[in-house]
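Keep the viewer open as you read.

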Amino acid sequence: FSTSTYLKMWAEAQRDLDIMLQREREEFLQPQEDHGKAMEMLATSYIKYLEMFRKLERAHDHLIQQQKRAAVRKVLDGVMGRILEIKKEMVGLENSECHNMDDILMELKRVPEDIEIPIPKYFIKENLRMLQQREKHLDEILLNAGLVKQEAVTGMTREEGIKVIQVAERARQGRSRAAFMKRIYLEDKRQNREEQMGKSPDEAATCIQKVWRGYIQRKRTEKLREEEMIFLGMSLPPHLEAMSSLQTCAGIANVLQDEVQEREDFSFRQELREIEGPHIKETLQDQISQCFIECRHITGRFPDYPPEKTGGSKAIFIEKTPEEVVKELAAKREAESKDPEKEKEREEREKAKPKKPQKVGKQVVDERWKMGPSNFLSILEEESSQYKVVWQNRDHRLDFLQDHDPELIKREERKEVEEEIRVQVDEVMQEKLLKLKLAVDGEGGSQSKSAKGEKVRAASWEILGSASIPCPNTVQTSVLSLACRTIDSLYQELAEEGLLIKVQNVNLSEYIGYYDCQRHIRRERGTQPLPSIPDIRQLVALYGILPLGSQIVHENAPLVKSMLLVGPAGVGKKMLVRAICTETGANLFNLTPSNLAGKYPGRDGLIMMLHMILKVGKALQPSVVWIGDTERIFAKGALKGEEEVRARRLGKILPQFLRTLKAKDRVLLVGTTSRPFHANIGPFCRVYQKILLVPKPDYLTRCGKYFPLWKRYILRAGGALTKLLNLNCLAQVSDGFTQGPMLDTVHTVLSELRLLQMPRKPLRTVEFVTSLARHDPVYKEEEDTFQVISRIKPAGAVNST
């Protein structure tokens, strides 16, 4: 598409956003007694916001002009955050992570694929160089530590060299011999043709016809075979195959577009400092001096200068604090209580209020639903008005050639220049205030040693970022020493210990699964269906990828600090963890109990390790802390060994670890387990806020029309599909098996020897069936147990909202 197409997408998304904001102001502010109607409103808004999200993401990815991309980026972050807020309301209303939106999709004329969560490309593109350098640094650390083996390059011996020369010489002689024999063959053929020139014209015409008819029939047969393969869905139509060349050209265009997008930004900071700096400095000094004089006139003494951690002189210009507002309201109520007319008005207002909810025993039941407060509506309204003022009536035809708008850049940089000057003014005015106090009031300003000591201790804990994790006296000194260590040294130590591991690149779109179109039928029959693979993709994107990818979204959206992936072995839980790290560029810390064996022994060592992970994870965010086989740290029964003691100890510290994480820290704890019924449910649910059941693949996923699992695995392993290989039969036989056994079966069958034999011995269905029979499926009893676990709500999870 041209640039104008993406500008139209941006304009359409802005118009849709204005309509949605107006609708929210009219409908969502009113309480709803009908929960079905409230759910319908939320689901409709959710789908429309997703449509805006998709348009804005594509526009942001393809626009060239830097300021337009920045404007789209702000709206994009706001829409992402609003989607997460609506999702939270939907989950609270239905008490379920998966929702039935089939009727609303049909009403809006949408397909199930329209509620897929797109992953913004700027999560990786804007930090690509930094991520590449970090990956290269990690490879060097692992190589130097001996955790990764480098292929050794050794020289040839004399005998091996002679053998190579002999092989090459024999090949040369063979080629020469073949060329000589070809010349003899062609010479004999020419002589035979000259001898047959005496044939009659009828015989010559018959020979030509026979050759031509054979050629034509072979072409027809080949065409019929291709049409049959297209009809069966085993090959792509010609127009789709032609897309490969177009995709190649598009890839080249995207590379050029990325280079243009990375043009150096223009800056006017120096110009603003020289021209407007003196005026800003003089204005600030006059305002602060006036505040000093007014304060002394009211209170009889000069005020204390606000410290830098509270904002310095910015705190002087804040209109009112919340405490002041509360005091003023309380004084106003007292004054009104003494006035009889005000008392009557208050009684009338009390009568006009809606009735209080009925009490049932000790519980209060209120059936009405009302939309909770939002942190993103104000952002969206501000950016919508900004779009109307700045961008709506602009000429966008020369987007590729437009470099910048100086006024917009100055508007943003003026704030930064004012902040720099304010810091300088604070230093000058603080000295001036001390002199005034000394000259007029005879006061001096100094800090006590105890106050300074408190600041030092607070700063040390702030550096560590772990004030909520209690440290014994034996390890407190070691933990505080981390403040003196660099991030690079801690990063290297964690990598050498195997706690910081390299992430295998896997995109979330590679977790294949299709929508179950018969779920609404099971719901009508009273059966609660299991979540499908697309549902899991959406939830992982909503709770894991979007918050980790955007700092604004993570700070303002409903905060999810921990997530648990539950499912049978082989369903792709580790793949989802890798996908979260790949899509966001996150570091991956492996705290699986088996990986902690022999590392940082004792409780003191465990606390030390968690402090290191916290410091590195916060400094190099986003980060993912993964605990595989997490049921072992909450296991039932008595302790059986040192490894299990360490695992239990980790489970007791995890709640304190999560309380340390704040909204500004893009760190996510992800647990995976295939045996959740072996854990104590109470502490289990107190740690993990979200419990997601990952299902096994259904028939449509195993053998659907569009690139199913069996076909994907076989083609990736180098196999070829023939008529002797029945994918439908494989899909039926593999019912109950997860993706892991299926992939292992393909790798077992398609060995190197079997791939060499494949041209003369095509693949057969029985080969895969025989190998698959060596694995165990997921039996119904185990599946029912997982369903019970998935219905447990982590109500006691660490509350972080």
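This is a predicted model: local features need pLDDT of at least 70, side-chain atom pairs count only at pLDDT 80 or more; totals for chains, interfaces and linings use all residues.

A residue counts as buried when its relative accessible area is under 20%, and as exposed when that value is over 50%. Aspartate 77 sits in helix 3, which covers residues 66–94. Its relative accessible area is 2%, so by the cut-off of 20% aspartate 77 is buried. What does aspartate 77 touch, leaving aside residues up to four places away in sequence? The list is Tyr122, Phe376, Ser550, Ile552 and Val553. With tyrosine 122 there is also a polar contact, in which the two side chains come to 2.6 Å.

Now zoom out to the whole chain. You will find 33 helices and eight strands in it. Of its 801 residues, 39% are buried. Among contacts between residues at least 6 apart in sequence, 82% join residues that are at least 24 apart.

The largest nonpolar core contains 82 residues, and Trp10, Tyr46, Tyr49, Phe53 and Val624 have the most contacts inside it. Helix 2 (residues 35–62) supplies the largest share of this core, with 13 residues.

Let's now look at one helix in detail. Helix 23 runs over residues 573–584, and its twelve residues should span 16 Å at 1.5 Å a residue; the C-alpha atoms at its ends are 17 Å apart, which agrees. Is helix 23 mostly covered or mostly open? It is mostly covered, as nine of its twelve residues are buried. Those buried residues are Lys573, Leu576, Val577, Ala579, Ile580, Cys581, Thr582, Glu583 and Thr584. Their cover includes helix 5 (122–125) and helix 21 (533–549), together with strand 4 (562–566), strand 5 (587–590), strand 6 (623–628) and strand 7 (667–673). Following helix 23 comes glycine 585, with a positive phi near 70 degrees.

Other residues with a positive phi are not glycines. Lysine 109 has a phi of about 60 degrees, and you can find this residue in the loop between helix 4 (102–107) and helix 5. Tyrosine 600, with a positive phi of about 50 degrees, belongs to the loop between strand 5 and helix 24. Which of the cut-offs does each of these residues meet? Lysine 109 has a relative accessible area of 76%, so it is exposed. Tyrosine 600, at 14%, is buried.

Glutamine 621 and proline 622 are joined by a cis peptide bond, with omega about 5 degrees. Proline 622 is located in the loop between helix 24 (602–619) and strand 6.

Technical notes
Residues are numbered from 1 along each chain as its sequence is written. Side-chain values use heavy atoms; hydrogens and water are left out. Helices (H or I, at least four residues) and strands (E, at least two) are DSSP runs, numbered from the N terminus. The expected span of a helix is 1.5 Å times one less than its number of residues. Buried means under 20% relative accessible area, exposed over 50%, partly exposed in between (1.4 Å probe, protein chains only). Contact means heavy atoms within 4.5 Å. A polar contact is a pair of N or O atoms within 3.5 Å; within protein, one must be able to donate a hydrogen and the other to accept it, and residues adjacent in sequence count only if both atoms are side-chain atoms. A nonpolar core is a set of buried Ala, Val, Leu, Ile, Met, Phe, Trp, Tyr and Cys residues joined through side-chain atoms within 4.5 Å.
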